[in-house]
Structures are given as structure tokens and as C-alpha cells.
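Here is a short briefing for a reader who is new to this structure. Look at the model first, then go through the points topic by topic.

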Amino acid sequence: MENKLWWIRYQLAFGYGTTKGHKILSEAGHPATVFQQPAAKLARSGAFTQNELRRIREATEEKAWEILRFCDDYGCEVLTPEDPGYPQRLREIYGYPAALYVLGSLEGLDDCLAIGMVGTRASTGYGDRAARTIARELAEKGAVIVSGMARGIDTASHVAALQAAGRTIAVMGCGIDQVYPPENAHLKMEIVRCGGAVVTEFPPGSQPLPRHFPIRNRVISGLSNGIVVVEGGRRSGSLITANHAFAQNRDVFAVPGSIFSDACAGSNFLLRQHAKAVDSVESILEEYQHLIQWEPVEAPEKNNLQAPSFSFEESGKNGYNVGQQPQGAAEAPQKEEPVAVQQPLPAYLSGNQQQIHSLLSDGQLRTTDAIASESGLSIPAVLSALTQMELLGLVEIRPGRRFTVAGAK
């Protein structure tokens with residue numbers, strides 16, 4: 001309990017996901033290190049502004065206890081990065097929440113495929129239908145749907161997941177005791193009742209201020225393996241979420257839309273920034289075959305049909321379509337080792353493209369980060385080269401956004 005107090009006080013003093021807060025925590029190692037120092041020593045260190053010193057003084061143990069007591073009465077769990085139940089994916093992001101207020105359960109989230117669904121509040125009929133279809137089909141296959149419980153695409157995604165008897169997580173930009181928008185009060189309770197969770201890093205009583213939502217968006221992507229942008233303008237919050245996802249090394253998917261619709265400008269823009277186009281739920285699931293294991297159920301009795309069940313494990317399992325073959329069918333062949341592809345370098349390639357082509361010719365699958373690290377090129381240079389080489393048919397993208405030369409086994 002004492003550790004929770006330190007983390008809550010740190011959150012009250014340094015806010016949410018700030019660069020300064022991240023730096024202080026990296027240097028101090030634990031919030032207690034800051035609060036156990038005499039005020040005069042902190043002032044002499046020169047590490048804090050006068051405003052920061054004031055906030056440290058005001059983040060008292062009494063205030064932290066008030067928050068804990070409120071959460072206990074409200075039925076809300078408080079998770080800190082030291083707690084076993086704190087999601088591992090979230091712990092890995094820059095500026096992770098110092099305290100996470102949870103209504104419902106996040107149990108087992110790290111073992112599940114989690115997909116963030118985001119988009120405009122002013123969704124069109126097309127966007128609403130796309131969000132419902134994608135969220136429903138993902139939930140039917142066992143994926144957890146993560147969204148922000150806002151109007152429009154967020155609400156459509158949560159509702160579709162619940163209608164599919166799936167699990168969904170809502171990340172709010174206000175205190176756990178608040179509801180925004182107000183008409184989603186029933187949705188909030190249904191998410192919890194159906195085994196999902198409503199979470200926020202903002203302490204109880206925090207109002208849904210406009211500045212909270214861009215901060216909230218990094219948590220949506222942080223909890224997810226990848227995010228799907230359904231609709232959004234060029235300056236919409238969904239693009240902020242996509243930028244967080246890119247920075248967190250999450251997959252980014254976008255639903256293509258009309259070039260004449262402002263609501264689709266953001267998702268169409270992301271397609272030019274190396275987001276993957278979604279034309280069906282398979283466009284998403286094929287990136288996570290290593291997370292999915294098919295578990296065939298026993299043959300149902302007549303007039304007592306059951307749907308097949310799915311489970312998700314972070315292991316090198318076969319894809320979810322493997323295992324649908326009838327009993328007695330031949331076992332799937334063992335995964336072959338990468339085979340080097342000896343191909344002459346096309347003369348028209350640039351220097352960067354030739355370097356990357358040579359690197360990938362050993363048959364190994366590499367992410368863009370790995371290519372940049374091994375080649376010494378910048379990420380933008382690598383992305384630019386890969387885009388051109390993909391258009392020329394010289395490289396292929398495999399599940400997990402990993403690259404290899406065309407024709408590699």
C-alpha cells in the first residue's frame with residue numbers, strides 16, 4: 001500500500017506522461033527517492049523549477065490516502081508499475097501512467113490480442129458500419145477491443161464488441177467516477193459487467209478537459225498490439241493516437257475512405273505514412289498469426305451447434321486458420337529456416353536501396369528498426385527506400401511488419 005502512495009504522489013506532482021516526469025523517474029529510480037529528500041536539498045539540486053517544487057510540496061501523503069480511500073469505496077482498483085496486474089505492454093511505453101485507475105478487470109490482457117479502434121466523433125454511416133463490422137469480427141475471434149468511449153467510432157466499436165459477447169476496454173480522459181459523454185453511462189457499466197474494464201490515469205474527480213484527451217490517446221495505443229483508424233480528419237485525435245502508436249512500435253491500420261470526404265482525410269493520409277490498409281478483418285489478423293492458436297472444439301451433437309473457440313498466446317504458434325482441417329489430415333510442415341536469396345542488385349537502385357537489398361538477401365525477416373540499426377541509415381531513409389522497393393516488387397512485407405526480399409521462403 002505504501003508504494004501506491006508514492007506513485008500517486010508522483011502523479012499528482014508531475015502530471016501525466018510528461019518529459020520532465022519521465023526524466024526525473026529515470027534518474028531517481030523510484031518516486032520515493034524524490035519525496036524522501038528534504039525540501040531544501042531538492043531546491044539546491046537545481047533539478048526542479050519553483051513551480052515543480054511547489055507541486056511536490058502539495059502532493060502530500062494525505063491527498064494520496066484520500067484518493068485510495070475514495071477508490072476503495074467506489075470499487076476501483078489502483079494499479080502502479082510495481083503491481084503484477086499492471087499491463088506489461090503499458091509498462092513499456094514512454095511516460096507510462098504512474099497510477100492507473102481500473103473499474104472492472106485487466107486480468108490476462110497481456111496474453112490476449114488487443115486492438116485499438118479509434119476515429120472521429122462525427123462518424124459517417126460508412127465509418128460507423130466499418131467500425132462495427134471490424135470490432136464485431138475481431139471480438140468474435142477473441143480479440144480485446146480498446147477504445148476511448150467517445151461518441152462516434154469509439155462508441156460503435158465498444159457496442160459491437162459487446163454485441164459479439166466480446167471483451168472491451170474503455171480508456172477515459174477524465175476521472176474514473178466521471179462519465180463522458182453523459183449518454184454513455186449505461187455503456188460504461190455494461191463494459192464492466194461483461195468482463196471488460198474502464199481505465200484512466202486521471203485521479204477521481206478529474207473533469208473531461210480537452211487537454212486530457214491527447215494525453216489519454218497514448219494509453220489506448222499503449223494497451224494495444226495495434227490500432228485501427230476508421231475515420232478522422234487531418235487534425236483529429238485519431239491521428240494523435242496513430243502517432244503514439246508509431247512511436248511505441250505498434251502496428252497502425254487505416255480504413256480507406258472517399259477522397260471527397262473530410263472525415264476520411266486522416267485515415268487516407270495514414271495510408272501514405274505506411275499504415276496498412278484494412279479491407280477486411282483478415283487484413284488485421286494476418287499480422288498476428290504468431291499470437292493466435294486455433295482450438296477446435298468437439299463435433300457438436302445434432303441440433304446443438306457450437307461456435308469454434310479461439311485463444312491468443314504470445315508464442316510461435318500456427319495461424320488461426322491452421323487446425324481447421326479435418327481430423328486425420330496431415331500435420332502442418334515444420335517451419336523452414338530462412339533461405340538466402342541470391343539475386344543480382346538492379347542497377348537502377350539508389351545507394352540506400354542497394355544497401356537494404358543486400359542486407360535482406362540473407363532471407364532473414366527484419367523490422368524497420370532492425371534494418372536501420374544494421375545499415376546505419378535513419379528510420380525515414382529506410383522507410384522511403386522500402387516503399388520504393390515494395391512498389392518495384394523487390395521486397396515483401398510479412399506478418400508483424402517484417403521485411404524480406406521478394407521470393408524468400
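Buried residues make up 47% of the 409 residues in this protein. The model is a predicted one. The chain forms 17 helices and 13 strands. Of the contacts between residues at least 6 apart in sequence, 68% join residues at least 24 apart. The accessible surface comes to about 20,000 Å². Carbon and sulfur atoms account for 51% of that surface.

**An enclosed helix: α9**

- Helix α9 covers residues 153-163.
- This helix is largely enclosed by the rest of the structure, because 9 of its 11 residues are buried.
- The buried residues are Ile153, Asp154, Thr155, Ala156, Ser157, His158, Ala160, Ala161 and Leu162.
- After α9 comes alanine 165, which has a positive phi near 60 degrees.

**A buried alanine: Ala245**

- Alanine 245 sits in helix α12, which spans residues 237-247.
- Is alanine 245 buried or exposed? Its relative accessible area is 0%, so alanine 245 counts as buried.
- Leaving aside residues up to four places away in sequence, alanine 245 touches Ser221, Ile227, Arg250 and Val252.
- One of these contacts is isoleucine 227, 18 residues away in sequence.
- The C-alpha atoms of alanine 245 and isoleucine 227 are 7.2 Å apart.

- Most residues other than glycine have a negative phi, and most peptide bonds are trans.
- Which two residues are joined by a cis peptide bond? They are tyrosine 180 and proline 181, with omega at about 0 degrees.
- Proline 181 belongs to the loop between β5 and α10.
- Asparagine 249 is not a glycine, yet its phi is positive, at about 60 degrees.
- The loop between α12 and β8 (251-254) holds asparagine 249.
- Asparagine 249 has a relative accessible area of 56%, so it is exposed.
- Histidine 274 also has a positive phi, near 75 degrees, and is a residue other than glycine.
- This histidine 274 lies in the loop between α13 (265-272) and β9 (276-277).
- With a relative accessible area of 27%, histidine 274 is partly exposed.

**Salt bridges**

- How many salt bridges does the structure hold? There are 12.
- Arg136, Glu137 and Glu140 are linked in a network of salt bridges.
- Arginine 136 and glutamate 140 both belong to helix α8. They are 4 residues apart, about one turn of the helix.
- Arginine 136 is partly exposed, with a relative accessible area of 32%.
- Glutamate 137 counts as partly exposed at 24% relative accessibility.
- Glutamate 140 is partly exposed too, at 44%.
- Glutamate 287 forms a salt bridge with lysine 276, with the closest N and O atoms 2.8 Å apart.
- That pair links distant parts of the chain, with its two residues 11 apart. Glutamate 287 is in the loop between α14 (282-285) and β10 (292-295), while lysine 276 is in strand β9.
- Glutamate 287 has a relative accessible area of 6%, so this residue is buried.

**A negative patch on the surface**

- Which residues gather in a patch of negative charge on the surface? They are Glu2, Glu61, Glu62 and Glu66.
- Helix α6 (residues 61-74) supplies the largest share of this patch, 3 residues.
- Glutamate 62 has its place in helix α6.
- Glutamate 62 is exposed, because its relative accessible area of 53% is over the 50% cut-off.

Note on methods:
Residues are numbered from 1 along each chain as its sequence is written. This is a predicted model: local features need pLDDT of at least 70, side-chain atom pairs count only at pLDDT 80 or more; totals for chains, interfaces and linings use all residues. Side-chain values use heavy atoms; hydrogens and water are left out. Buried means under 20% relative accessible area, exposed over 50%, partly exposed in between (1.4 Å probe, protein chains only). Contact means heavy atoms within 4.5 Å. Accessible areas come from the Shrake-Rupley method with a 1.4 Å probe; for residues, only the protein chains shown count as cover. Patches are made of residues with over 30% relative accessible area and no salt bridge: like charges are joined within 9 Å, nonpolar side chains (Val, Leu, Ile, Met, Phe, Trp, Tyr) within 5 Å. A salt bridge is a side-chain nitrogen of Lys or Arg within 4 Å of a carboxyl oxygen of Asp or Glu. Lys and Arg count as positive and Asp and Glu as negative; His and the chain ends are not counted. The place of a charge is taken as NZ of Lys, CZ of Arg, CG of Asp or CD of Glu.
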